[in-house]
Amino acid sequence: MRRALALLLWILPALATAQAGYPSKPVRIIVGTSPGGSPDVFARIIAQKMSESWGSLVVENRIGANGNIAAEMVAKSAPDGYTAYFCDSAIWAINPALYAKVPYNPLGDFAGITTVATLPVFLTLHPSVPANNYAEFIAYAKANPGRLSYASAGNGSIHHITTELFKSLTGIQMVHVPYKGMGQGSQALISGDVQVAFTSYTAIAAFAKAGRVRMLASADGKRTPALPDVPTIAELGLPGFDMASMLGALVPAGTPREIINRLNSGIIAAINSPEVNAKIAGFGVGITTSTPEQFDALMRAEHEKYARLVKLSGAKLD
């Protein structure tokens, strides 16, 4: 008993000293998507700004299994604040409902730092599809079952689940073509290898402005402030349709609260800087920051929400 108490009295001051000197080495920001996807783009923008006052922050892409590979790595990392994960709702909400088993506990292995943004996805077509609006697209898809193919960022991604739910509710048929990330999926759409995608504005903004793809509607339940003229699918025929992914930053469970709070302050300060705020808003997303406690509560709520939606979509993976 005395030995345990002595050890505790030795550890606590050492831990306090380590926290006081945090960060004393580069912080790794893990991203489970390919370069060009929303988590990767925003992680790099925020990390670059934070590096001005924090020192080095290194963004690493660990691609595979719809973010599960990166999630497992982060879950097993030391809870010392030197490994963070920029990811979306797939990790804590979609994958656990979609896969028979995931290699981490979605609500037990992570602690939230802050939400970053709401990531709406938009029903987007290649110009070869003879449809200039939502109604024309639905009519064409129903008249040509199985003729259209759609891209996603991989099985189980928000793009996949959204499209499968959309198909089940509208009664249309399209062929799924999964890619390793929406960077690749968007390029396939732009080149005409696929004709349809629910994609983020981040991935196709420049091509939409150039007329190389056609954005018809948002899957979010409300219109995006940066794109006020793009209607929602809920407005156009599917009341209640609301599919948007939340981007946030996580650390391994057990990370000291003082370090989580420092990361929270650092990330939010970077997001609120005029240059970063303008860049992120320009991608057609809703900037949404939170306290760590608010993010933890949101993860629990989305975990329940997407369990229902994945079941309704009919999607399932081994």
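This note walks through a predicted model, from its overall build to a few individual residues.

1. **Overall build.** The protein has twelve helices and ten strands. Its radius of gyration is 21 Å, close to the 20 Å from the globule rule for 318 residues, so the chain is as compact as a globular protein of that length. Along the principal axes, the C-alpha atoms fill a box of roughly 80 × 40 × 30 Å.

2. **Burial and surface.** Of the 318 residues, 55% are buried. The accessible surface is about 13500 Å². Carbon and sulfur atoms account for 56% of that surface.

3. **Contacts along the chain.** Take contacts between residues at least 6 apart in sequence. Of these, 76% join residues at least 24 apart.

4. **Helix α10.** This helix covers residues 257–272, 16 residues in all. From first C-alpha to last it reaches 22 Å, close to the 22 Å expected at 1.5 Å a residue. Its buried residues are Ile259, Ile260, Leu263, Asn264, Gly266, Ile267, Ile268, Ala270 and Ile271.

5. **Charges over rings.** Two cases deserve a look. The charged end of Arg262 sits over the ring of Trp54, 5.3 Å from the ring centre. Lys25 lies over the face of Tyr82, and here the distance to the ring centre is 4.8 Å.

6. **Aromatic pairs.** The count of aromatic pairs is nine. One of them joins Tyr104 and Phe110 in an edge-to-face arrangement, with 5.7 Å between centres and 65° between planes. The planes count as edge-to-face because the angle is over 60 degrees. Both Tyr104 and Phe110 are buried.

7. **Aromatic cluster.** Tyr134, Phe166, Phe198 and Phe241 form one aromatic cluster.

8. **Ser313.** Is Ser313 buried or exposed? Ser313 is buried, because its relative accessible area is 7% and the cut-off for buried is under 20%. Ser313 belongs to helix α12, residues 292–313. Leaving aside residues up to four places away in sequence, Ser313 touches Ile161, Glu164, Leu165 and Ser168.

9. **Ser313 and Trp54.** How many residues apart in sequence are Ser313 and Trp54? The separation is 259 residues. In space, C-alpha to C-alpha, Ser313 and Trp54 are 43 Å apart.

Note on methods:
Residues numbered from 1 in each chain as written. Predicted model: local features only at pLDDT ≥ 70, side-chain atom pairs only at ≥ 80, totals over all residues. Heavy atoms only, no water. Helix = DSSP H or I, 4+ residues; strand = E, 2+ residues; numbered from the N terminus. Expected span 1.5 Å × (residues − 1). Buried < 20%, exposed > 50% of the residue type's maximum accessible area, 1.4 Å probe, protein only. Contact = heavy atoms within 4.5 Å. Phe/Tyr/Trp six-rings, centres within 6.5 Å; stacked < 30°, edge-to-face > 60°. Lys NZ or Arg CZ within 6 Å of the ring centre and 35° of its normal. Rg over C-alpha atoms; globule rule 2.2 N^0.38 Å. Areas by Shrake-Rupley, 256 points an atom, 1.4 Å probe, with all protein chains shown as cover.
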